[in-house]
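Please open the structure in your viewer and display the backbone as a cartoon.

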Amino acid sequence: MKWTNSKFTLATLLGAEPAAVWPKQNEGIAMPTVRVENYGAFEVPAGKRLVLALVDEAGVDQLHACGGNSRCTTCRVEFLAGEPTTMTAAEKSKLAERGLSGVRLSCQIVCEQDMHVRAISRLEGSGRPDPGTRPAPTLQPEPVWVDPA
Ligand code: FES
């Protein structure tokens, strides 16, 4: 046990699992940097859904036709760096159902580390009248974390 790591020490003293302590995966990064190709780099509050960071911080006209519920795949992005090593069961199931690889669903990802992505599914050129209902602040459906492989 590292007594210099106050987060872990506090969790230990309180009897909590370290994973239950916020922020849980970002080694103390409260504002991860999300870099979006052709848009720039943006600090994002830890835990924010990537789809919302693309819209709010980066100003991308990101599609999210199903409202961030892992049903449509229009929120897909390509990762250039920092791809999360976990995935929600809902995302894994939807990507498999659609036969998609090399992309991730931004509505199923939370910003807990620095990331570099390419926005490949935007309102512009889509022929859609709008990007979709704004996704809720928290992951929908309730996340069950699985190995992406
Ligand atoms: S799958 Fe529809 S918004 Fe992500």
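**The whole chain.** Begin with everything selected, and bear in mind that this is a predicted model. The protein chain contains three helices and seven strands. Of the 149 residues in the protein chain, 32% are buried. Among the contacts in the protein chain with a separation of 6 or more, 67% are made by residues 24 or more positions apart.

Next, colour the strands in the order 2-1-6-3-5, which is their arrangement in an open sheet of five strands with mixed pairing. Which strands stand at the edges? They are strand 2 (40-43) and strand 5, and each has a single partner strand, so one side of each is left without a neighbour in the sheet.

**Strand 3 and its neighbours.** Now select residues 76-81, which form strand 3. Strand 3 runs antiparallel to strand 5, and two bridges join them. To view one of the residue pairs, select R76 together with L105, its bridge partner in strand 5. Strand 3 is also joined to strand 6 by four bridges, again in an antiparallel arrangement. Here, select E78 and find its bridge partner R118 in strand 6.

**The core.** Show side chains for V34, V36, L50, A53, L54 and C111, the residues with the most contacts inside the largest nonpolar core, which has 22 residues. Two or more residues of this core come from each of strand 1 (33-36), helix 2 (50-56) and strand 6 (115-119). Helix 2 provides the largest share of the core, namely five residues.

**C111.** Remain with C111 and display what surrounds this residue. Which residues does C111 touch, leaving aside those up to four places away in sequence? They are P32, V34, V44, A46, G47, K48, L50 and A53.

**Helix 3.** Finally, select residues 89-98, which form helix 3. The buried residues in helix 3 are A90, E91, K92, K94 and L95. What do these buried residues pack against? Their packing partners are strand 4 (87-88), strand 5 (104-105) and strand 7 (145-146). Just after helix 3, select G99, which takes a positive phi of about 70°.

How values were computed: Residues numbered from 1 in each chain as written. Predicted model: local features only at pLDDT ≥ 70, side-chain atom pairs only at ≥ 80, totals over all residues. Core = buried A, V, L, I, M, F, W, Y, C linked by C-beta atoms within 7 Å. Buried ≥ 20, exposed ≤ 12 C-beta atoms within 10 Å, placed from the backbone. Contact = placed C-beta atoms within 7 Å. Pairing = 2+ DSSP bridges.
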